[in-house]
Amino acid sequence: MSLHGTGIKMSEAVEKSREIIAKALNAESEEIVFTGSATESNNLVLKGLAEANPEKKKIIISSIEHDCIRNSALWLRKQGFKVVMLPVDKKGIVEIEKLENEIDKDTLVVSIIHASNEVGTIQDVEKIGNICRKMGVYFHTDASQSFGKVEIDVLAMKIDLLTASSHKIYGPKGAAILYVREGIKINPILHGGGHEGGLRSSTVNVAAVVGMGKAVGICVREREKETIRLKRLRDKLIKGVLKSIDACWLNGAEKKRLVNNVNISFEKVEGESVLLELSNRGIMCSTGSACSSNSLEPSHVLLAMGLNAPEAHGSLRFSLGRWTKEADINYVLEILPIVIKKIRRISPFK
Amino acid sequence: MRQQFSYSKKVLKHFRSPHNLGKIKDADGVGEVGNLSCGDVMKLYLKVKDGVILDVKFQTYGCAAAIATSSITTDLVKGKTIDEALAMTNKEVIESLDGLPPIKIHCSLLSVDALNEAIYDYLNKNNKKIPEFLEKKHQRSVTLEKMEGHGA
């Protein structure tokens, strides 16, 4: 940034934002690197660590990571790294014993998603962090879904690196962070003018970064109240759906679950058709069905949790948010049974 | 890099209000194709008299495109002779729906397969001559079913 008056003002605004975010994580400002997206942060963490620490050749991730960790790891596998994907149980919780068996002196990093973007299951990152710290292995967590919603303390949880995103917490798109604990050996993947302490060359997206800081501030302030409010609405939606529709079940953990996530599989329906029918009635949701993805593959997260393909095709995810009201939940509970009934009527399976 | 995924109005119309939905209890021919693992299963029922398709109904498990292609296929074959119905291609299905997203073209193939299977069943049950291409297609779909199982 420039030294003239306007440049300094901009720089101060960015630094203020950095401070707010660092504080929310119990980190130091110097440890926060601004990036353009969580995808970029996740690419940077795996590829940047791999390049800076060539003596270690093993990368451990979970089998329910977001595609940006998964595909970065698979790319590194092509470069000669050994990639281990830890299994999860049927609630989507990473099997800790498997981690303890796999982690060794050759392990470069363990990267586990804090809360699943698909099924909302929250991992015990503190336990994982302790295991990694004891072994002297870097621990990264993708907190894109949890930051701002679940309390995170990088020191207490022994987190070395963490990804968080702006737009998941009502900030503008185009800003994210990578927390990099002081002393971590990591190289940049973008080379240029040396912005962000040399780790991320690119003109800083000032407006988005400032917006992210503002969004984090609001989340921290409102979290306690909002958690109570959303939890009640979430549970009302889950209970209501399971009660009023037959042959369906909740995917993911009941208790260790994001307050804004509901993921339910319905037998004998394919998710895309339900999604479209709901959208027509003003309800926006998503599905793990292959038919709605570009790859025509069902959700790898649901498959890793032990669902078979038809069970994944029949899954729907509803995300609650700051503007979700009780009336919205009531509306979904009124419409969803009608839509499921309609789609099931078209099917040859009775 | 342009990416588009949207259904035509016609697809959405057929999806939301499918034509000829249901089953025919005393059907003269029934065809079932697809499998649960892939997310599409179509079942098509025919009522045939004097070589003409008098009635046709369908039941489909699948996405909006699978439901719409099934629905338009029943519209297209109703009143046609068996020979005319056998000449139908997935291109006609796609054109009648004002197009399909590229990733959904397979649904149009599946609906024609369901129709062909139903006609095969009708010809077979009535000891009528089965065209060579239809026999080959039927054998292929039987083999596929054996290989892939029937979903869960």
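This is a predicted model: local features need pLDDT of at least 70, side-chain atom pairs count only at pLDDT 80 or more; totals for chains, interfaces and linings use all residues.
Me: Does A:K158 count as buried, partly exposed or exposed?
Reply: A residue needs 20 or more other C-beta atoms within 10 Å to be buried, and 12 or fewer to be exposed. A:K158 has 19 C-beta neighbours inside 10 Å, so it counts as partly exposed.

Me: What is the exposure class of A:A247?
Reply: A:A247 sits in the loop of chain A between α6 (206-244) and β8. Its phi is positive, about 55°, though it is not a glycine. A:A247 has 12, so its class is exposed.

Me: Which strands stand at the edges of the open sheet in chain A?
Reply: The sheet has 4 strands, paired antiparallel, in the order β8-β9-β11-β10. An edge strand has a single partner, so one of its sides is left without a neighbour in the sheet. That describes β8 (248-250) and β10 (286-287) of chain A.

Me: How far apart are the centres of domain 1 and domain 2 of chain A?
Reply: The domain assignment of chain A gives domain 1 (5-218) and domain 2 (223-345). The centres are taken over C-alpha atoms. Their separation is 28 Å.

Me: How many charged residues are on the side of domain 1 of chain A that touches domain 2 of chain A?
Reply: In this contact, 19 residues of domain 1 meet 18 residues of domain 2. By class, the domain 1 side has 8 nonpolar and 7 polar residues. Its charged residues number 4.

Me: Which residues touch the most other members of the largest nonpolar core?
Reply: This core has 70 residues. Domain 1 (5-218) and domain 2 (223-345) of chain A both give residues to the core, so it lies between them. One of the residues asked for is A:L46, which, leaving aside neighbours within four places in sequence, is in contact with A:I59, A:I69, A:S72, A:A73, A:L76, A:V109 and A:S111. The residues that touch the most other members are A:L46, A:V110, A:I177 and A:Y179.

Me: How many residues does the second, separate core have?
Reply: Nonpolar side chains tend to be buried together in soluble globular proteins. Residues of this second core include A:L237, B:V41, B:L44 and B:V48. The core has 62 residues.

Me: Why is strand β2 of chain B largely enclosed by the rest of the structure?
Reply: β2(B) covers residues 40-49. The strand is largely enclosed because, of its 10 residues, the number buried is 8.

Me: Which residue is the bridge partner of B:L46 in β3(B)?
Reply: β2(B) is joined to β1 (residues 29-35) of chain B by 7 antiparallel bridges, with B:G31 opposite B:L44. β2(B) also pairs with β3 (residues 52-61) of chain B, again antiparallel, over 9 bridges. Within β3(B), the partner of B:L46 is B:V56.

Me: Which residue takes a positive phi in the hairpin of β2(B) and β3(B)?
Reply: The hairpin of β1(B) and β2(B) has 4 residues between its strands, and B:G39 in the turn has a positive phi of about 95°. The hairpin of β2(B) and β3(B) has 2 residues between the strands. There, the positive phi is near 50°, and the residue is B:D50.

Me: Which element gives the most to the side of chain B that touches chain A?
Reply: The contact takes 19 residues from each of chain B and chain A. On the chain B side, α1 (9-16), β2, β3 and α2 (64-77) give two or more residues. That side has 11 nonpolar, 6 polar and 2 charged residues. The most, 3 residues, come from β3(B).

Me: What radius of gyration does chain B have?
Reply: Chain B comes to 6 helices and 3 strands, in the order α-β-β-β-α-α-α-α-α from the N terminus. Its C-alpha atoms fill a box of roughly 50 × 35 × 25 Å along the principal axes. A compact globule of 152 residues would be near 15 Å, which agrees with the radius of gyration of chain B, 15 Å.

Definitions and conventions. Residues are numbered from 1 along each chain as its sequence is written. Chains are lettered from A and ligands numbered from 1 in the order in which they are written. Two strands pair if DSSP finds at least two bridges between them. A nonpolar core is a set of buried Ala, Val, Leu, Ile, Met, Phe, Trp, Tyr and Cys residues joined through C-beta atoms within 7 Å. Domain bounds come from an automatic or database domain assignment. Two residues are in contact if their C-beta atoms, placed from the backbone, lie within 7 Å. Ala, Val, Leu, Ile, Met, Phe, Trp, Tyr, Cys and Pro count as nonpolar, Asp, Glu, Lys and Arg as charged, and the others, Gly among them, as polar. The radius of gyration is taken over C-alpha atoms; the globule rule is 2.2 Å times the number of residues to the power 0.38.
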